[in-house]
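Reader: Please show me the model, and then we can go through a few questions about it.

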Amino acid sequence: IKFVRPAVWKKRFNLSRDKLESVALAQQLFPEVEYETKRGRLLDGRAEALLIAKYGLEMEEQYSDQLC
């Protein structure tokens, strides 16, 4: 497990601290995922979790490429 500060992964995706930006990007990258509850509450934590996972995968791929 590697911990990454929000500023680091958000910089990779050119995001500000605005959670709506994170949701908008996640919706583009993962359109099959629901980002609102049935009552209309925004699930920004879900969006940011997906983006953190994508960041981690990209960093893992980059690290693997450097080893070859």
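Author: Buried means under 20% relative accessible area, exposed over 50%, and partly exposed in between, with a 1.4 Å probe and protein chains only. The model is predicted: local features need pLDDT of at least 70, side-chain atom pairs count only at pLDDT 80 or more, and totals for chains, interfaces and linings use all residues. Residues are numbered from 1 along each chain as its sequence is written, and side-chain values use heavy atoms, leaving out hydrogens and water.

Reader: Is Glu-48 buried or exposed?

Author: Glu-48 is found in helix H3; helices are DSSP runs of H or I with at least four residues, numbered from the N terminus. Its relative accessibility is 11%, so Glu-48 counts as buried.

Reader: Which side chain does the side chain of Glu-48 join in a polar contact?

Author: Contact means heavy atoms within 4.5 Å, and, residues up to four places away in sequence aside, Glu-48 touches Trp-9, Lys-10, Lys-19 and Ser-22. A polar contact is a pair of N or O atoms within 3.5 Å, where within protein one must be able to donate a hydrogen and the other to accept it, and residues adjacent in sequence count only if both atoms are side-chain atoms. At 3.1 Å, the partner of Glu-48 is Lys-10.

Reader: Which helices do the buried residues of H3 pack against?

Author: Those buried residues are Ala-47, Glu-48, Leu-51, Tyr-55 and Glu-58. They pack against helix H1 (6-12) and helix H2 (19-29).

Reader: Which residues is Leu-29 in contact with, leaving aside its neighbours within four places in sequence?

Author: Leu-29 is found in helix H2 and is partly exposed, at 35% relative accessible area. Its contacts are Leu-51 and Lys-54.

Notes. Helix = DSSP H or I, 4+ residues; strand = E, 2+ residues; numbered from the N terminus.
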